[in-house]
Structure formats: structure tokens, C-alpha cells
Amino acid sequence: MRSAFEIGGERIEAGTRRLVDIPVSKLSNHVPITLAVHVLHGAEPGPTLFVSAAVHGDEINGVEIIRRLMRVEELSTLRGTLLCIPVVNAYGFISHSRYLPDSRDLNRSFPGNPTGPLASRLAHIFMQEVVSRSELGIDLHTAAANRTNLPQIRSALKTPDEQEIAQAFGAPITLTAPERDGSLREAARKLGIPVLVYEGGEGLRFDEFAIRVGVRGILGVMQKRQMISLPPDTNGHDRPLQAATSSWLRAPEGGVLLAYKTTGDIVEPGEVIGAVANPYEDVETEIRAPKHGMIIGRTRLPVVNLGDALFHIAWMKTTEGLTSITGEIAADPLFDEDEIV
């Protein structure tokens with residue numbers, strides 16, 4: 001029999017699961033705030049994987065991804081240990097905000113400090129209690145409010161281990177993304193723990209496709225690491241697209257945005273993908289793609305100012321042989337929720 005798993009001062013016996021509340025602080029009205037961790041400690045040995053969501057409190061798709069993940073039948077025969085944290089930033093989650101009450105970004109506060117500001121203290125608790133006990137992690141995000149992202153994996157892809165788990169996740173596209181100072185991904189990498197960042201959907205909104213891709217992707221990583229066994233044909237895209245660079249096309253004028261393309265669409269050099277119209281004059285300023293790529297994010301706001309970010313495009317040497325991901329989405333028989341709960 002495996003040894004018990006210890007976290008937050010509690011012991012979880014092998015073959016059991018428990019919700020552990022790790023104290024963080026109290027609100028000004030004396031209501032306690034905790035870091036709640038679902039601990040699934042398998043009866044058989046295997047890796048320890050953490051899955052975190054709502055590091056930014058308004059990014060709620062990951063909360064639903066974890067809720068559905070916890071109901072997957074295959075977890076009953078889990079090998080290893082799964083740590084699921086549906087809401088890391090409870091303060092922002094309660095207030096529908098990306099940030100902590102002190103306006104700090106938790107994902108710029110790692111690895112944290114036990115005597116620092118609130119964000120830094122929470123980051124320290126997360127690193128000590130969750131990350132340091134894990135061998136790999138998946139951090140679930142969405143675009144900011146009023147933007148949306150095509151489901152995608154972001155990773156430095158520097159090691160074979162990172163490349164393997166990114167491929168196993170099977171998101172429509174994998175983007176080589178440098179680490180940012182103070183991010184969870186950077187802090188974990190310094191401990192030798194690879195972390196995938198999954199982006200999908202928008203802040204404060206559920207996106208069903210992004211949620212399903214997220215659940216399926218986590219299961220794909222778990223299967224790759226032999227933590228679970230899945231039925232055939234449920235592990236995502238066979239060959240996710242990869243892109244090394246991306247950038248935003250910005251509004252050439254202020255006005256109203258007319259978007260002719262959306263996330264998942266292929267763009268070609270010189271192609272008109274949108275226009276900014278002036279509501280007072282019969283003038284439209286075209287927005288053209290400068291080179292080959294795929295739209296992986298876009299604004300949701302039709303009213304724009306000069307310089308606003310409009311289309312986030314992953315650049316590619318060629319798009320020959322590629323089709324719009326939106327077409328694949330329509331034809332993809334994503335397994336129904338009934339098949340995973």
C-alpha cells in the first residue's frame with residue numbers, strides 16, 4: 001500500500017480523495033479565505049500532477065474544466081496523485097476581478113514571500129503546498145475580459161519533457177511562449193517542474209468548446225504519464241499546429257470594428273481580415289494580414305480606439321495544407337459530457 005499523501009497538515013490515504021482547505025487569511029469582516037485543494041491519491045504509484053485555475057480571478061473556464069475533470073470515471077483507477085485547485089485567487093473570483101484586493105497580479109508574484117504583500121503571500125503558500133509536491137502542472141487561463149482565445153497551449157518547449165506533454169494535451173495549436181518574470185510557470189521551472197499554460201475562451205464567460213478541449217487535454221497528459229487509461233480516440237488532435245511567434249494587429253483608427261475573420265481562421269499575406277469604420281463618415285480603413293498565420297485571439301469589443309489590440313495572430317512560414325480550425329471544430333465529434341462524467 002502506498003504511503004499517505006501529506007498536504008496542509010492533513011494525511012490522505014492511498015486510494016482516497018479529500019478536499020483540503022489550506023488557510024490563507026481572513027477578510028475584513030472575519031470571513032476566512034482558504035486555498036481549497038482536491039487531493040486524489042491513487043492506490044498505485046505514479047506522478048503527482050497539479051491542475052490550477054483562476055489564478056486570475058475572472059478566468060472562470062478553468063473552474064468548470066476542473067469540476068468536470070473531477071467527475072471523470074477513469075479517475076477511480078488513478079495511478080499517482082492529482083491535485084486540483086479550482087480557484088487559486090479566491091479574492092478575485094469573489095469580486096469578478098483579475099487581481100487581488102491590492103490590485104496586484106498573482107501571476108506576477110511568484111514564487112512569493114511569506115511576509116510580503118497579500119499576492120506574494122498567496123503565491124508562497126501555493127508554491128510550498130502544491131507546486132513543491134508535484135512533478136508537473138497544468139495552469140488553466142482564458143483571455144482577459146472582452147477578448148477571447150482559441151484553445152491553445154503555451155510553453156517554452158525547451159525540453160523533451162515539455163514537448164511531450166504539450167503534444168499529449170492535443171490543443172488545436174501550441175505556441176512557443178517565453179516565461180514572464182513572476183509567473184507560476186517560471187517559478188515552477190526553477191524547481192525543475194514543467195508547467196503547461198492552457199488558454200481558451202474569455203474572462204467571465206463560459207466557452208463550451210474551450211472547456212471540453214481543456215478536459216480532454218488534461219486527460220491526454222494523464223494518459224501519457226500513465227496515470228489513467230482512456231478509451232481510444234479521446235486524446236485530442238493527433239498533430240497540434242505549432243507556432244514560434246505571435247503578435248497583435250492593432251486598430252489603425254478609432255471607430256467601430258468590422259471583423260471578417262475569427263479565432264481559428266487562417267490568414268494569408270495581404271488578406272483583408274477586418275476594417276475600422278467611422279460612424280460619421282463613409283470611410284472604412286482596412287486591416288490586412290502581413291504574412292501567413294492563424295488567428296488565435298481577438299477582441300470582443302466592436303468600439304475601438306487607435307492602437308487597440310484587435311487580432312492576435314500566430315505567424316507561420318506557410319499555411320499550405322492547413323484549413324481553418326473553425327471548420328475542424330464543426331466536424332470534430334468532441335465526446336459529449338455524458339461520456340466523461
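How are helices α1 and α6 oriented to each other in this predicted model? Two packed helices are described by the angle between their axes and the distance between the axes. Here, helix α1 (residues 61-69) packs against helix α6 (residues 208-224) at an angle of about 50 degrees, and their axes lie 9 Å apart. Angles under 35 degrees would count as roughly parallel and those from 65 to 115 as roughly perpendicular, so α1 and α6 are oblique to each other. Their crossing is right-handed.

Now look at the residues where these helices touch. From α1 come Asn61, Glu64, Ile65, Arg68 and Leu69, and they meet Glu208, Ala210, Ile211, Arg212, Gly214, Val215, Ile218 and Leu219 in α6. Sorted by class, this contact has 7 nonpolar, 2 polar and 4 charged residues.

Stay with α1 for a moment, and find Glu64 and Arg68 again. Side chains of opposite charge can pair when their charged atoms come close. The side chains of Arg68 and Glu64 form a salt bridge, with 2.8 Å from N to O. Because Arg68 and Glu64 are 4 residues apart in helix α1, about one helical turn separates them. Across the whole structure, a search finds 17 salt bridges.

Let's move on to a sheet. Strands of a sheet pair through backbone hydrogen bonds, either parallel or antiparallel. In this model, 4 strands make an open sheet with antiparallel pairing, in the order β16-β15-β13-β18. At its edges are β16 (284-288) and β18 (303-304), each of which pairs on one side only. Strand β13 (residues 255-259) is joined to β18 by 2 bridges, and these strands run antiparallel.

How values were computed. Residues are numbered from 1 along each chain as its sequence is written. This is a predicted model: local features need pLDDT of at least 70, side-chain atom pairs count only at pLDDT 80 or more; totals for chains, interfaces and linings use all residues. Side-chain values use heavy atoms; hydrogens and water are left out. Two strands pair if DSSP finds at least two bridges between them. Axes are lines fitted to C-alpha atoms, for helices over the stretch in contact, and angles run from 0 to 180 degrees between N-to-C directions. Angles under 35 degrees count as roughly parallel, over 145 as roughly antiparallel, 65 to 115 as roughly perpendicular and the rest as oblique. A crossing is left-handed if the near helix is turned anticlockwise from the far one by less than a right angle, and right-handed if clockwise. Contact means heavy atoms within 4.5 Å. Ala, Val, Leu, Ile, Met, Phe, Trp, Tyr, Cys and Pro count as nonpolar, Asp, Glu, Lys and Arg as charged, and the others, Gly among them, as polar. A salt bridge is a side-chain nitrogen of Lys or Arg within 4 Å of a carboxyl oxygen of Asp or Glu.
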